[in-house]
Amino acid sequence: MENPSWVSGEALWEWRRVACQQVSACAVNPQEAGAYLRELDWMLMAVAEVDRLALRLESYRNRPAINVERSLADLSTLWQRRLQEKVPLQYLLGRTTWRDFTLAVAPGVLIPRPETELLVDLAIAAAATMAVEPSHWADLGTGSGAIALALARSFPQAIVHAVDASASALTIAKQNAEQLGLADRVLFYRGSWLEPLESLQGKLTGIASNPPYIPSALVPALQPEVARHEPHLALDGGTDGLEFLRVIAERAPQFLQSGGVLLLEMMAGQAEAVADILKQSGCYCNIQIHCDLAGIQRFAEAYRI
Ligand SMILES: C[S@@+](CC[C@H](N)C(=O)[O-])C[C@H]1O[C@@H](n2cnc3c(N)ncnc32)[C@H](O)[C@@H]1O
């Protein structure tokens, strides 16, 4: 915990009571209120030594002292920014959990989504079927470094090459690599997609990418947490949303070794078009589409012939 301070259980209970009242005053419907209340408890569990059961039963109220990483006044400011300005909680706290680790995040970087965890599972499954040990992987559009770092943790012998066009994203990604002790095996490059990796042509075991795929016209209409606070460079996939999926699918064959795998995340409704792009290239075999946990087609997998 950073700069922990002690508050009484009673003071924390009172703080939460007021925060709940603020939710009732500002939520537009019961669903939104429920979502805010879940986030409120999630925030408290992240910053204070309280667990879900204690919050639900309010048993923490009797504790003489609870370790909290911020003052209650600071927490009130954060909670107001969450409710009034719709700033995502992960930005307010400066971190998020993803797979089995914690990542620093800040407004210059996309907050990694839970469904993207599945892209890493697909990479692990793909690597298990390959004759060669994973040696060089690439994560294109690395953002916080989430995918690259998860690949490095899963493939202890591999070097992961993580590319992003955004300097602020790379600053945070490097910080995350240091924090996780992976800075020696995750190499960062600033540039566009595969451009900085010229020297790795024909050498990559796998390429994973969660590129921006939202059609430009839809970006302003996304929920305010996303449209107002997350970087549009991480969201906007051009007129049809497929601009970067196309670039990556077309350029990847030059960089993959024979039998190497390309794994792409995409938006609901794009699977057919992405499968077509991969087929049209003529460089891939065993093209498959995978669903997320909601049963929506969100990932493409293809192997370099
Ligand atoms: C949807 S975000 C994915 C971030 C991260 N991989 C994740 O899954 O949480 C897309 C990322 O692509 C980056 N990006 C946008 N255009 C790019 C380009 N031309 N070349 C490389 N990266 C780019 C953005 O800065 C952003 O970090």
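Which residue stands opposite Phe299 in E11? I began with this, and found that Glu265 stands opposite Phe299.

**Entry 1: ground rules**

I noted that this is a predicted model, in which local features need pLDDT of at least 70 and side-chain atom pairs count only at pLDDT 80 or more, while totals for chains, interfaces and linings use all residues. I also noted that residues are numbered from 1 along each chain as its sequence is written, and that side-chain values use heavy atoms, with hydrogens and water left out.

**Entry 2: domains**

I looked up the domain assignment of the chain, which gives domain 1 (5–84) and domain 2 (97–304); such bounds come from an automatic or database domain assignment. The C-alpha centres of domain 1 and domain 2 lie 35 Å apart.

Strand E9 (residues 256–265) joins strand E8 (residues 204–209) through five bridges, and the two run parallel; here Ser209 has Leu264 of E9 as its bridge partner. E9 is also joined to strand E11 (residues 297–304) by five bridges, but these two run antiparallel, and Leu263 stands opposite Glu301 in E11. E10 and E11 pair in the antiparallel sense as well, over six bridges, with Arg304 in E11 as the bridge partner of Tyr284. The hairpin of E10 and E11 has five residues between the strands, and Gly295 takes a positive phi near 80 degrees there.

For burial I used these cut-offs: buried means under 20% relative accessible area, exposed over 50%, and partly exposed in between (1.4 Å probe, protein chains only). Seven of the ten residues of E9 are buried, and the strand is therefore mostly covered. E11 is largely enclosed by the rest of the structure, because six of its eight residues are buried.

**Entry 3: helix H11**

Which residues of helix H11 (residues 271–281) are buried? I found Ala271, Val274, Ala275, Ile277 and Leu278. They lie on the same side of H11, because they cover an arc of only 155 degrees around the axis, the arc being that of the directions from the helix axis to the C-beta atoms. Glu272, Lys279 and Gln280 are exposed on the other side of H11. The buried residues of H11 pack against helix H10 (243–255), E9, strand E10 (284–291) and E11. After H11 comes Gly282, whose phi is positive, near 75 degrees.

**Entry 4: aromatic rings**

I recorded the rule that rings of Phe, Tyr and Trp (its six-membered ring) pair if their centres lie within 6.5 Å, and that planes under 30 degrees apart count as stacked, over 60 as edge-to-face and the rest as tilted. The count by this rule comes to four aromatic pairs. In one of them, the rings of Tyr36 and Trp79 have their centres 6.5 Å apart and their planes at 80 degrees, so this pair is edge-to-face. The pair links distant parts of the chain, with Tyr36 in helix H2 (residues 30–47) and Trp79 in helix H4 (residues 72–84), 43 residues apart. Tyr36 counts as buried at 3% relative accessibility, and Trp79 counts as buried at 0%.

I then turned to Trp193 and Phe244, which form a tilted aromatic pair at 5.4 Å centre to centre, with 50 degrees between the planes. Trp193 is in the loop between strand E7 (186–190) and E8, and Phe244 is in helix H10, 51 residues apart. Trp193 is buried, with a relative accessible area of 13%.

**Entry 5: Gly237**

Where is Gly237 found? I located Gly237 in the loop between helix H9 (224–229) and H10, and its relative accessible area of 0% makes it buried. Leaving aside neighbours within four places in sequence, Gly237 is in contact (heavy atoms within 4.5 Å) with Pro212, Tyr213, Ile214, Leu242, Glu243 and Phe244.

Asn286 lies in strand E10 and has a positive phi of about 50 degrees although it is not a glycine. With a relative accessible area of 46%, Asn286 is partly exposed.

Notes:
Helix = DSSP H or I, 4+ residues; strand = E, 2+ residues; numbered from the N terminus. Pairing = 2+ DSSP bridges.
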